[in-house]
Amino acid sequence: MSPAVPTSPSQSLRTFGTVWLGQLISKLGTGLTNFALGAYVYNTSGSVTRFALVIFFSTLPLVLISPVAGILADRLDRRKLMVLGDLGAAFSIFLIWALFAGQDAGLWTIQHWYFYLPVFLGSACSALCYPAWMASVPLLVPKRHLGRASGMTELSAAVAHIGGPLLAASLDSAIGLSGILLLDSVSYFFSIGALLLVRFPAPPPRAPGRHSLKEDLAESWHFIRERPGLRGLLLFITGNTFAVGMVMLLINPLVLAFTDIHSLKWIAAIAGMGGLLGGIVMSVWGGPRRRILGLVGFPIVGALVLLLAVLPPSVPLIASAAAVFIFTFPLISGCNQVIWQTKVPAVLQGRVASLRRVVFQGTNLVVTLVAGFLADRLFEPWMAPGGALASSVGRVIGTGQGRGIAVMFLMLSVLMLTNVVALWLSPRVRNVETELPDALPVHPATASTAPASPAPGDTGAPARLATSGGTEA
């Protein structure tokens with residue numbers, strides 16, 4: 001017997017909790033592999049470039065495939081799409097395990113580029129899951145609990161970020177990388193099992209007729225473009241993503257400029273605890289009633305913390321600052337997520353979520369291309385003894401290795417604060433929660449309330465948000 005579609009808000013919440021738990025276990029398995037495989041590549045090659053290429057091929061599909069994944073999420077059964085994505089991701093991990101099994105059997109010697117294809121495949125399959133899950137959450141969780149649901153999602157990511165490296169380091173000596181890969185493969189079946197136990201409510205029917213991929217993509221972009229509040233919000237998050245991405249990429253060289261790898265591990269662990277605490281706070285609190293205030297206040301906290309980089313560096317200072325900085329991530333992401341989930345119609349949720357993810361991951365790819373050049377070719381030489389800024393800025397914050405990155409952190413702080421000011425000075429973005437009507441009911445759709453077919457005279461097209469009265473003009 002197939003599982004029944006939820007027929008009450010409480011059943012919908014149980015469905016969300018079941019799937020969330022399965023996702024948490026699979027994310028923890030992914031965290032194991034990400035740390036163990038990355039350490040293997042770096043330790044056996046000694047090359048940052050080869051390590052970065054593994055990250056590149058795991059990120060590229062999120063940019064290339066996410067638009068199509070969003071279209072599929074709005075066309076097909078989202079639960080089945082997530083099952084298919086998890087099966088493909090598990091298979092990609094099995095392929096990496098097979099590479100090591102073949103090497104142990106003397107069939108071949110692994111070259112690092114062997115990992116690129118299975119990593120790309122696994123990331124592509126995972127890209128199918130994200131828009132399907134993000135589009136399903138508003139159908140399962142009452143509107144008043146969406147902030148807590150977003151906090152739980154961020155919490156699972158924080159658990160994977162912290163627990164993955166810690167467990168991988170502990171398990172490596174006991175079961176080795178091959179054993180860790182098998183554990184990751186098995187973890188996906190917890191997610192698949194959870195999905196097989198539940199059913200998702202069907203989204204509202206789409207307009208009749210055939211729609212091309214191009215038309216579906218254009219519809220999601222036009223939806224955002226015609227609403228200045230959402231368009232400005234997307235620009236704000238893009239600017240914040242660029243600044244945060246630069247910080248996360250440059251924090252390691254900043255730390256290693258004055259201490260060793262052992263201290264870096266402690267700083268990373270303490271910073272991860274900050275993210276974990278932020279996820280817990282968002283899960284319990286749900287964020288401020290006006291989410292836009294969270295999108296203003298928490299980036300200000302992060303920006304002010306970056307200013308500490310210009311002080312004489314120490315492990316306690318950097319660890320504390322990193323913990324506070326990462327603490328804001330789940331709160332910012334949760335507030336942003338709730339606004340999009342409440343303002344975007346259910347029939348567009350998958351495509352809009354994918355479009356936002358393309359912008360997010362594309363920004364991160366830009367960061368990987370420019371951060372190293374800016375640090376190595378410009379700011380670090382400028383802040384070296386005798387450099388272009390040594391006699392000016394250097395007199396205040398000091399010169400030498402790492403001081404150029406400290407100046408970059410100072411500029412990124414200014415960028416984040418400017419971004420916040422620009423958001424607040426835009427009435428369309430500042431008032432997006434009140435000017436745009438909600439596209440979601442107070443309670444999630446259930447089998448007893450969701451229409452099986454369009455009402456007489458209804459075309460089935462998603463209702464357009466109000467454009468009269470001057471709010472969207």
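This is a predicted model: local features need pLDDT of at least 70, side-chain atom pairs count only at pLDDT 80 or more; totals for chains, interfaces and linings use all residues.

Visitor: What percentage of the residues count as buried, and what does the word mean?

Guide: Of the 473 residues, 49% count as buried. Buried means under 20% relative accessible area, exposed means over 50%, and partly exposed lies in between, with a 1.4 Å probe and protein chains only. The protein exposes about 21400 Å², of which carbon and sulfur atoms supply 69%. Such areas come from the Shrake-Rupley method with a 1.4 Å probe, and for residues only the protein chains shown count as cover.

Visitor: What share of the contacts joins residues 24 or more positions apart?

Guide: Among contacts with a separation of 6 or more, residues 24 or more positions apart account for 85%. A contact means heavy atoms within 4.5 Å.

Visitor: Why is α10 called roughly antiparallel to α11?

Guide: The axes of α10 (residues 291-306) and α11 (residues 315-343) come within 9 Å and cross at roughly 160 degrees. Axes are lines fitted to C-alpha atoms, for helices over the stretch in contact, and angles run from 0 to 180 degrees between N-to-C directions. Angles under 35 degrees count as roughly parallel, over 145 as roughly antiparallel, 65 to 115 as roughly perpendicular, and the rest as oblique. The angle of roughly 160 degrees therefore makes α10 roughly antiparallel to α11.

Visitor: What is the handedness of the crossing of α10 and α11, and what does that term mean?

Guide: The crossing of α10 and α11 is left-handed. A crossing has this name if the near helix is turned anticlockwise from the far one by less than a right angle, and it is right-handed if clockwise.

Visitor: Which classes of residue form the contact of α10 with α11?

Guide: Residues of α10 including Phe298 and Val301 meet residues of α11 including Phe325 and Leu331. By class, this contact has 15 nonpolar, four polar and one charged residues. Ala, Val, Leu, Ile, Met, Phe, Trp, Tyr, Cys and Pro count as nonpolar, Asp, Glu, Lys and Arg as charged, and the others, Gly among them, as polar.

Visitor: How do you know that α5 and α6 are roughly antiparallel?

Guide: The axes of α5 and α6 come within 13 Å and cross at roughly 150 degrees. That angle falls in the range over 145, and α5 and α6 are therefore roughly antiparallel to each other. The crossing of α5 past α6 is right-handed. Ser126, Met134, Val137 and Pro138 in α5 meet Leu146, Ala149, Thr153 and Tyr188 in α6. These residues divide into six nonpolar, two polar and no charged.

Visitor: Why are α3 and α7 described as roughly perpendicular?

Guide: The axes of α3 (residues 66-75) and α7 (residues 213-225) come within 10 Å and cross at roughly 95 degrees. The angle lies in the range 65 to 115, so α3 and α7 are roughly perpendicular to each other. Pro67, Ile71 and Arg75 in α3 meet Leu213, Asp216 and Leu217 in α7. This contact has four nonpolar, no polar and two charged residues.

Visitor: What makes Ala168 buried?

Guide: Ala168, in helix α6 (residues 146-196), has a relative accessible area of 2% and is therefore buried. Ala168 touches Leu32, Phe35, Ala36 and Ile180, not counting residues up to four places away in sequence.

Visitor: Why does Ile110 count as buried?

Guide: Ile110 lies in the loop between α4 (78-104) and α5. Its relative accessibility is 9%, so Ile110 counts as buried.

Note on methods
Residues are numbered from 1 along each chain as its sequence is written. Side-chain values use heavy atoms; hydrogens and water are left out. Helices (H or I, at least four residues) and strands (E, at least two) are DSSP runs, numbered from the N terminus.
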